[in-house]
There are 2 protein chains.
Amino acid sequence: MPLKRIGEFGFIKKISRGCLIRPDSIIKAIGDDAAAFTTDPARVSLITTDLLVERIHFLRNAISGFDLGYKSLAVNLSDIAAMGGTARESFVSIAIPEDCPLDYLEAIYDGMKDLATKFEVNILGGDTTGSKVDLIINVVVHGTIAREEMLCRDAARPGDIIFSTGYLGDSKAGLHLILNNIPADSAEWRNLLRAHLLPVPQLAQGRFLAQRSAVKAAIDTSDGLSSDLGHIAEESGVGAVLYADKIPVSGDLKEFCQQFNFDPVEYALSGGEDYTLLCTVSPAEAEVIAADFQKKFKRPLFRIGEITAGKEMNIIFPDGSSSPIASSGWNHFKDE
Amino acid sequence: MPLKRIGEFGFIKKISRGCLIRPDSIIKAIGDDAAAFTTDPARVSLITTDLLVERIHFLRNAISGFDLGYKSLAVNLSDIAAMGGTARESFVSIAIPEDCPLDYLEAIYDGMKDLATKFEVNILGGDTTGSKVDLIINVVVHGTIAREEMLCRDAARPGDIIFSTGYLGDSKAGLHLILNNIPADSAEWRNLLRAHLLPVPQLAQGRFLAQRSAVKAAIDTSDGLSSDLGHIAEESGVGAVLYADKIPVSGDLKEFCQQFNFDPVEYALSGGEDYTLLCTVSPAEAEVIAADFQKKFKRPLFRIGEITAGKEMNIIFPDGSSSPIASSGWNHFKDE
């Protein structure tokens, strides 16, 4: 059915179903001039927003509506996770070109609702409008956190241990498969695709880290390890060393790099959109926190390096040689 | 200077200046994974968002960057005004095509900052990215209000008097001038252009109305009087009558309609983007509130009709004849 048959208000009615997942504290959801809700007075508000544009962030013929909707919300939940917060409300603006079928649009909202349900986040409002060519999605997430628990980029201190909550580089490998039309005909390739299309926001991991005062700075790996660690270094006025053999590379990525002749460490450093959390931890508490993390999540908290007093970031290889790290992650507009 | 010379992070640094207008209660502004701020625990949070797409909402060669930025924020502030709230924080996502000069982009932020400064609203975060063809702007505004003061669309009751805080139809006339390349060579035409390009969000008027318990429902006139009153009628389960000779038509619009042979009442009914507030008020208090409004704002609160018990909306003409009102305001996607 074409969208114009039901019109803007019919469309809003259709997609509004199932958007109110956690009705407590909600005064007005979709349908008024603004959404209205109460927040815990003991906590501060967090707001993050991400804009996804067709042919820049995704190709409509290469991603299902479900995956697109899921990912649009996931990248925002990841930002709340990186602050250590609890995600609460989301707001979705969408600009729809005429050739975009209603099925695809409904699938977008299905993908969002699927993830929203998992993390008890409401879809509380937004905007729907037309677009000449490209499908556009902007998602906003409101979250909360106790002020003293907040994890910021500027709190890393020399001597802190750097950790990642998960493998790095898988998402870039998944994107490579998509862009080169390589069929996902093995469990490994499917895992890499999944890492790219359906990243799991590390909200529980963010909460775990935020509740430990020894955890200093945090960021999510959206631009790439080198670039995101660079943000922490710049904001904190520090440097960093990474150990090449400690950077967590999945078995799937090793297999992929072997087959296509890529360097897995380079992939892990430069590949964005993994949406793990990078954090820095006071050295005295680092081991205990890593052990507690392993116990709680049944996955390692990967220790990958240390914060240094300089301004440089370097990577040290197993043979003892080292190399400066360029912030080679994703940067819109910049000449390659 | 081309945008790619300074890159995404250079651009963010450039436009960040002057974004923090009211630093109290702000913990993290632009530059971390999310913005963080405290809110008054006695008030509830309001969030609204609007997405503006090139060639749908604006033509880049027909609007200055300043006006575009101003208006992108204004339409969101208007939604907070319509709830009776105080606008506090804003978040700007922008997707920039390669051919968009840095000057134009900076002017967009100048326009936003100009309006943000007037209403003490921070620009606290957002997202910047690329776009293949169209310039895209999504603005989110966070506001607050005491729960018992909130003005919603569903609170109109039969017998309520319907008011508008300003003239209707001017914005549509301004748009007509732009789309038909009619030069703004008179004070009247310039006023109409201004109504379209630089609408003043009725935040003070919204606060005035919210503080009076006799004011029931409210909405801003973004889609057009007939459509926006239709939203109140539908959400409240009521009908309405409007008086054709009471609908506030500016001298500028009368002049315009005379010259181009349009019906000013039709223009006022169907023209969107005036961003006045429509509200409904208990009849016993209507006169006092209108008089207080006039005293405070030195402008009339225009009494335009009444809420009825039926479901229909009708307009009554001076000769006693009447006609049903169709919700003929703006509706994206719908066939004309």
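Two strands pair if DSSP finds at least two bridges between them. The exercises below use this cut-off on a predicted model.

**Exercise 1. Which strand of chain B does strand β3 of chain A join, and in which direction do the two run?**

Solution. 
- Step 1. Strand β3 (residues 44-53) of chain A is joined to strand β2 (residues 35-37) of chain B by three bridges. Since at least two bridges are needed, the strands pair.
- Step 2. The two strands run antiparallel.
- Step 3. Within this pairing, A:Leu46 lies opposite B:Ala36 of β2(B).

**Exercise 2. Describe the side of chain B that touches chain A.**

Solution. 
- Step 1. Count the contacts: 63 residues of chain B are in contact with 63 residues of chain A.
- Step 2. Find the main contributor. Strand β3 (residues 44-53) of chain B gives the most to this side, with nine residues.
- Step 3. Sort by class: this side of chain B holds 27 nonpolar, 19 polar and 17 charged residues.
- Step 4. Compare the copies. Of the interface residues of chain B, 100% are also interface residues in chain A, so the copies meet through the same surface.

**Exercise 3. What rotation superposes chain B on chain A, and which residue of chain B comes closest to its axis?**

Solution. 
- Step 1. Chain B is superposed on chain A by a rotation of 180 degrees, with 0.0 Å of shift along the axis and an RMSD of 0.0 Å.
- Step 2. The two copies are therefore related as by a two-fold rotation axis.
- Step 3. B:Pro41 comes closest to the axis among the residues of chain B, its C-alpha being at 2.4 Å.

**Exercise 4. Classify the packing of helices α5 and α8 of chain B.**

Solution. 
- Step 1. Helix α5 (residues 187-197) and helix α8 (residues 251-260) of chain B pack at about 110 degrees, with their axes 9 Å apart.
- Step 2. Because angles of 65 to 115 degrees count as roughly perpendicular, α5(B) is roughly perpendicular to α8(B).
- Step 3. α5(B) makes the contact with B:Glu188, B:Asn191 and B:Leu192, and α8(B) with B:Asp252, B:Leu253, B:Glu255 and B:Phe256.
- Step 4. By class, this contact has three nonpolar, one polar and three charged residues.

**Exercise 5. Which strands are the edges of the seven-strand sheet of chain A?**

Solution. 
- Step 1. The order in this open sheet is β8-β10-β7-β11-β9-β12-β13, with mixed pairing.
- Step 2. β8 (215-220) and β13 (322-324) of chain A each pair on one side only, and these are the edge strands.

How values were computed:
Residues are numbered from 1 along each chain as its sequence is written. Chains are lettered from A and ligands numbered from 1 in the order in which they are written. This is a predicted model: local features need pLDDT of at least 70, side-chain atom pairs count only at pLDDT 80 or more; totals for chains, interfaces and linings use all residues. Two residues are in contact if their C-beta atoms, placed from the backbone, lie within 7 Å. Helices (H or I, at least four residues) and strands (E, at least two) are DSSP runs, numbered from the N terminus. Ala, Val, Leu, Ile, Met, Phe, Trp, Tyr, Cys and Pro count as nonpolar, Asp, Glu, Lys and Arg as charged, and the others, Gly among them, as polar. Copies are superposed by least squares on the C-alpha atoms of residues with pLDDT of at least 70 in both. Axes are lines fitted to C-alpha atoms, for helices over the stretch in contact, and angles run from 0 to 180 degrees between N-to-C directions. Angles under 35 degrees count as roughly parallel, over 145 as roughly antiparallel, 65 to 115 as roughly perpendicular and the rest as oblique.
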